[in-house]
Amino acid sequence: MANPLFSDREVSFQLYEVHGAGDLCQLPAFADHGRETFDLFLASARKIARDVLFPAYRPMDAEPPRLEGGRVRVHPAMKEIWPRLVELGMTNATRPSEVGGQELPVLVAMFAGGYLSAANGAATAYAGLTAGAAHLVEAFGSEEVRRTFHEPMISGRWSGTMALTEPHAGSSLADVRTTATPMPAGPGRYLLRGNKVFISGGDQDFTENIVHLALGRIEGAPAGIKGISLFAVPRLRPEDGRLVDNDCSSAGVFHKMGWRGIPSIALNFGERGDCVGWVVGTPHQGLGHMFQMMNEARLMVGMNGVATASAAYHESLEYARTRPQGRPLAARDPRTPQIPIVEHADVRRMLLKQKAIVEGGLSLLAECARLADLVRHGPEEDRERRRMLLDLLTPVGKSFPAEAGFVSNSLAVQIHGGYGYTAEYLPEAWLRDQKLNSIHEGTTGIQSLDLLGRKVVAGGGDALRALAAEFAAVEATNEERAGLRAALEKIAATTMELAQRGLAGDRDGMLAHSVDYLDAFSVLVISWQWAKMAAAARRGLERDRASADFYRGKIAAARWFFANELPRVSTLCDICLTDASFVEARPEWF
Amino acid sequence: MKILTTVKRVEDYESKIKVRPDQTWIVTEGVNYRANPFDEIAVEEALRLRDANMPSEVVVVSVGPAAAATEIRSGLAMGADRGILVKHDAFVDSDGVARLLQKVIEQEKPDLVLMGKQAVDVDDNVAGQLVAEYLGWGQATFASKKESLESPEEKAKKPGLKLSADKKSVQAAREVDGGLEVLEVQLPAIVTVDLRLNVPRYASLPNIMKAKKKPIQELTPQGLSVDVTPKVKVLKVEPPPARTAGIKVPDVATLVQKLHAEAKVI
């Protein structure tokens, strides 16, 4: 059977039985939508994913982009794929109709993006980056900037990128050095000079033009993050109705271990002193503007993590069902036929763990997407609380799929045995792809500092209290409820103690174990999602006997997560408070 | 010109199909449905002909339960202009469908009717031919593209059916043993389409939203005065025989001998 990338039954379960996609249509903003439009859109997305994107995945991985004569040539399949993604609506589906969008709930767009990412993450990323860049221009650009850049990007004639990283400034964006000199020609235009690295989609040959949303510093700006501005820097600039070279040159293509369908470029702005950038939004507040795109991008990365793990999970599931090897532990008679490996308990352990990670992660992203919809369009009085929850969950939504997804992708290789280690089979490619997700859009370390140093302590613990209220609303079993309550109390107590260390000036004591804290917090949050899904599955079992196997699988995966993962919370919390081994270790001890 | 196309709601071939224990039909609970893929090709062809011959209209018709409106809507989301659902919950055989379509076509008076050559659920391949017979119209079946599906013509979304300059006839190429046969039929006519006529488009989000506002008219067999009591009786439904285990032969000579004596293929 062909790899479905995501199970359609799973998608409909999460959308309609767990996350209430239907209810969203009662909000005035989504009144034009209904289950029918959602299902037609998802049907188109999954068809394009399965028929167009997935067949191109292997060829694009095998033939990465090349730099030829100063320009990057990407795989020719992108010329076929790009118009399909644009037509489908992936550059602006969730935007309002005034700006050419269709006001599709983020929740539904997220699942459509999931199919596409699972089929071919690199190809999908071009559309995601363009959508993000267009959204930035729409939200913060002056009339001139919007007129110049918005329509060409959402119509797919031009693509967009985010150009943040510099050779010496990756996680540390405060150190960005690209300079911007005001031009006498017109307000809002600057001459840019600087070097950017790791710019995904920073050059390609399937659109007429490329717009880099770049961070830089206006001459005389204050040092640090408060002096960073955002610019739209096109590869070709419009001038008297023509497009002329804008002095953005591709200095090199990085050879990457994964995501090989989209180039990662080193870009030089203004080598000849002729690179014009249009300031987007308020000068010196560029990083704040960029964070809008980064928060969306973080959830997109999370979805890619889930999708990459999902494709591999389904590949290994099919393999386990069809690959005969060995005999039952209790019946080793060599004259009996071999059994499919799915009959071995250890293989089912690996499958159930993948299922728990993939579907748990998917559910968390659905939760975040629904919150994003409600923050924008839900009842006024709940918006602040939901904004706080979304902020709290975003670092988990970005990092859990990346970290646990890597474990899941590794299990898919494991199930394929010796074959899994060869390039004849796909799981090794997805394992390589997955690794990037714990690095780009803020590493796991950065996400953990964001969670512990900022989100969880915001408002004196209001966010954590809002989360506790969400837990209480789940129709969990007594056992699940007790497990969730104990883990939440442990995390709340640990947070309190760590916060006090911070207040007392001991930043290391508070934050050194932030990644372990993020791990514990992620397990708690995913357990909550599994409790929600198990409750929906119990309701489903009552109603729909034809789907009994599906619902039993859900309940089994929830049991696995509660039995195998939730107990780790307590240990991790203790480690956060007691272990100082690496804090005290000196560099010269290694 | 006015083009009428048909879309049948069929079981999704990616669903696991099981036969009911009493062998009267398949188990329908938990099965996903979709538009018959041959019919999607018919809709695509209709849209291309429409766009090349404006002003024109494309009407999508289905016979089936209320849920079949979903498949009409998917045709509207591809770009068709309006829909007609002949609503009937029970099984309708191909003859019943043809007689219903005859009535709808007499009401609508299209210049051209495009249908999938068959539906992938029961693979009867008779409805199109019957409709032509009942209307007394010409028919061209199994229309294909002369050019390949990788050709520049297909990439440019050119219709595979060639409408004459006076719009009074249409040429259709059909695959036959050893090549292509080209037929010309006077309009109005029935053309049934094969898999290699075109690659159907995907419904885009803007078109899905537009489709929501397009009308779907509901008719009934009673209203059309058609008796749809099945003339075809389903006696028994069986799954295909399970694949039996293969055997290993010691050498090529034994293989050849077995292919000759047992499998009788050489």
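**Conventions.** I number residues from 1 along each chain as its sequence is written, and chains are lettered from A in the order in which they are written. For this predicted model, local features need pLDDT of at least 70 and side-chain atom pairs count only at pLDDT 80 or more, while totals for chains, interfaces and linings use all residues; side-chain values use heavy atoms, with hydrogens and water left out.

**Interface.** I looked up the contact (heavy atoms within 4.5 Å) and found 18 residues from chain B and 22 residues from chain A. The buried area (accessible area, 1.4 Å probe, that two parts lose on being put together, summed over both) is about 1,800 Å², 62% of it on carbon and sulfur atoms. In chain B, the residues that lose the most area to chain A are B:Tyr202, B:Leu205 and B:Met209, together 38% of what that side buries.

**Salt bridges.** I counted a side-chain nitrogen of Lys or Arg within 4 Å of a carboxyl oxygen of Asp or Glu, and the interface has 2 salt bridges. In one salt bridge, A:Lys47 pairs with B:Glu40, the closest N and O atoms being 3.4 Å apart.

**Cores.** I then looked up nonpolar cores, sets of buried (under 20% relative accessible area, 1.4 Å probe, protein chains only) Ala, Val, Leu, Ile, Met, Phe, Trp, Tyr and Cys residues joined through side-chain atoms within 4.5 Å. The largest has 225 residues, and those that touch the most other members are A:Ile81, A:Met290, A:Leu467, A:Phe521 and B:Leu114. Beyond its neighbours within four places in sequence, A:Phe521 is in contact with residues including A:Leu392, A:Leu467 and A:Ile491. A second, separate core of 23 residues includes B:Leu4 and B:Val92.

Terms used: Buried < 20%, exposed > 50% of the residue type's maximum accessible area, 1.4 Å probe, protein only.
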